[in-house]
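Come along while I look things up one at a time.

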Amino acid sequence: MNRTVTRVIGALAASVLAIGGLAACGSSSGSNGKGKVYYLNFKPEAADQWKKIAETYTKETGVKVNIRTAASGTYEQTLKSEMAKSNAPTLFQVGGPIQDSSWLKPYLADMSKSEVYKQLQNPDLALKSDGVVKAVPYAMETYGIIYNKAILNKYCEKSYAVVKSADEINSFEKLKAVADSIQEHKSDLGVDGAFTSAGFDSSSDWRFKTHLANMPLYFEMLAGHITGQPKTLKGTYLNQYKNIFDLYLNDSTTPRTQLSGKTADDANSEFATGKAVFYQNGTWAWSDLQKSGFKAGDLGMMPLYIGAGDEKNQGLTTGSENYWCINSKVSAADQKATEAFLKWMVTNKKGQDALAKDMGFVTPFKSMENIKSENPLTQIAQEDAKSGKKDVTWNFTIIPSTKWKDDLGSALLAYAQGTGTWDSVKKAFVDGWKTEYDATH
């Protein structure tokens with residue numbers, strides 16, 4: 001776990017929490033005088049677990065904890081709406097050191113003296129503004145290409161298989177050869193495609209305009225020894241980005257023309273029902289996959305190969321976009337109650353189990369470093385981190401704005417549907433970066 005945590009320091013340590021200003025309404029304390037907690041949760045897949053642990057905390061302490069979960073893709077919009085109310089969230093989150101959410105700065109309380117900050121294995125992971133701790137990470141996550149072991153093993157036993165084991169897939173060239181072969185023999189294998197649909201509904205498009213876009217961004221920054229947020233990009237690895245995206249489109253369960261309305265639920269369903277072998281997603285997907293009937297031993301996860309760098313020694317993609325913030329505009333009692341709730345979550349066994357076991361998070365806290373997650377995808381990530389392979393860092397946290405991601409997503413969808421060209425994707429990626437960097441600076 002320690003190695004996994006330290007891998008993201010380079011992406012975060014030099015960064016500053018660039019969030020700037022609007023006034024807010026406060027919220028009143030609980031009637032018991034202890035204050036209350038209202039958490040606006042970012043992660044829909046953990047909604048049930050948060051409600052359950054909130055009820056436990058209230059029963060034990062008498063402090064009311066209200067949990068609301070924003071719908072996928074609507075967090076900032078929901079947060080703005082909730083912050084304008086008299087009963088605003090006391091606890092919320094930001095996604096990384098560079099935000100285009102300039103209105104948030106007055107809401108960020110100083111967390112320097114909080115127990116949750118003191119429990120960080122590495123304090124440099126916290127996000128600061130003007131040298132003051134404003135946000136504390138609570139989950140380190142990993143993503144790659146999840147695969148159905150049973151179907152891939154079935155494929156490997158076929159006479160037409162181009163590999164005899166999933167372990168042989170250690171490069172984009174190998175991944176493409178396997179995916180093309182599966183697509184060619186999909187009827188014999190009983191699947192609709194090698195990959196799940198690359199849906200561009202808002203519940204799904206982040207997988208391509210953010211998580212997949214991280215790959216060319218990561219390799220450009222690595223090759224150029226770039227730290228922090230660059231003013232411009234060259235787009236050095238956009239041809240490799242095209243390679244993997246084309247693979248998703250061509251070896252898919254779904255025709256390219258039908259992707260605009262395809263959702264994350266569609267992709268999950270295709271994977272869960274055995275209609276696809278590969279599914280780009282991360283450790284957070286286990287909750288939904290488990291509900292769909294998967295057992296711990298049914299899944300594997302491999303790195304996101306795009307044909308760049310030292311692929312044989314490439315690990316999974318690990319980082320965080322999950323940072324707790326306390327609302328400085330709510331009452332002192334509510335702020336104190338929220339601090340106490342976070343302390344309980346990371347030091348009390350029930351809170352720890354909720355984070356590490358029920359939600360499946362790899363946490364960066366000293367108090368939890370010996371807790372083993374029951375999430376099999378997290379276990380795969382932890383083993384990968386110990387293997388000596390080099391983790392790919394989460395560089396998408398330095399993307400200059402949501403508009404950059406949205407414009408890139410629109411260009412990717414147009415390309416997929418045949419109404420746009422890859423040059424438009426390049427323009428959105430490179431020119432759009434400079435435009436948005438200039439606009440936010």
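**Entry 1: the whole chain**

I note before anything else that this is a predicted model. I looked up the secondary structure and found 18 helices and twelve strands in the protein chain.

Next I checked the overall dimensions. The C-alpha atoms fill a box of roughly 70 × 45 × 40 Å along the principal axes. I also looked up the radius of gyration, which is 22 Å; this agrees with the value near 22 Å for a compact globule of 441 residues.

How much of the chain is buried? I found that 57% of the 441 residues count as buried. The accessible surface comes to about 17,400 Å², and carbon and sulfur atoms own 47% of that surface.

I then turned to contacts across the sequence. Taking contacts with a separation of 6 or more, I see that 78% of them join residues 24 or more positions apart.

I have 51 positive and 48 negative side chains, and the centres of the two sets lie 5 Å apart.

**Entry 2: helix α6**

I picked α6, residues 149-156, and asked which of its residues are buried. I151, L152, Y155 and C156 are. These residues cover an arc of only 140 degrees around the axis, so they sit on the same side of α6. I jotted down a reminder that an α-helix has 3.6 residues a turn, so residues three or four places apart point the same way.

What covers the buried residues of α6? I found β6 (141-148), α7 (172-184), α8 (186-189) and β8 (276-282) among the covering elements.

**Entry 3: helix α10 and what comes just after**

I moved on to α10, residues 214-223. Eight of its ten residues are buried, so this helix is largely enclosed by the rest of the structure. I wrote down the buried ones: N214, M215, P216, L217, Y218, F219, E220 and M221. Their cover includes β6, α9, α11 (238-250), β10 (314-319), β12 (390-393) and α18 (422-440).

Just after α10 I stopped at H225, where phi is positive at about 50 degrees. I marked this one because H225 is not a glycine, and most residues other than glycine have a negative phi. H225 lies in the loop between α10 and α11. Is H225 buried or exposed? It is exposed, with a relative accessible area of 70%.

**Entry 4: D205**

I found D205 in the loop between β7 (193-195) and α9 (206-212). Its relative accessibility is 11%, and buried means under 20%, so D205 counts as buried. Which residues does D205 touch, leaving aside neighbours within four places in sequence? I found G199 and F200.

**Entry 5: K34 and G35**

I looked at two residues in one loop. K34 has its place between α2 (9-12) and β1 (37-41), and G35 is found in the loop between α2 and β1 as well. K34 counts as partly exposed at 45% relative accessibility, whereas G35 is buried, with a relative accessible area of 1%.

For K34 I listed contacts, not counting residues up to four places away in sequence: T61, G62, V63, A333 and A337. I also took two C-alpha separations. K34 and L120 are 86 residues apart along the chain and separated by 26 Å. G35 and G319 are 284 residues apart along the chain, with 33 Å between their C-alpha atoms.

**Entry 6: P400 and S401**

My last stop was the loop between β12 and α17 (402-417), where P400 lies. S401 has its place in the loop between β12 and α17 too. I looked up accessibility for both: P400 counts as buried at 0%, and S401 counts as buried at 4%.

How far is P400 from W433, 33 residues apart along the chain? Their C-alpha atoms are separated by 6.9 Å.

Methods: Residues are numbered from 1 along each chain as its sequence is written. This is a predicted model: local features need pLDDT of at least 70, side-chain atom pairs count only at pLDDT 80 or more; totals for chains, interfaces and linings use all residues. Side-chain values use heavy atoms; hydrogens and water are left out. Helices (H or I, at least four residues) and strands (E, at least two) are DSSP runs, numbered from the N terminus. Buried means under 20% relative accessible area, exposed over 50%, partly exposed in between (1.4 Å probe, protein chains only). Contact means heavy atoms within 4.5 Å. The radius of gyration is taken over C-alpha atoms; the globule rule is 2.2 Å times the number of residues to the power 0.38. Accessible areas come from the Shrake-Rupley method with a 1.4 Å probe; for residues, only the protein chains shown count as cover. Lys and Arg count as positive and Asp and Glu as negative; His and the chain ends are not counted. The place of a charge is taken as NZ of Lys, CZ of Arg, CG of Asp or CD of Glu. The arc is that of the directions from the helix axis to the C-beta atoms.
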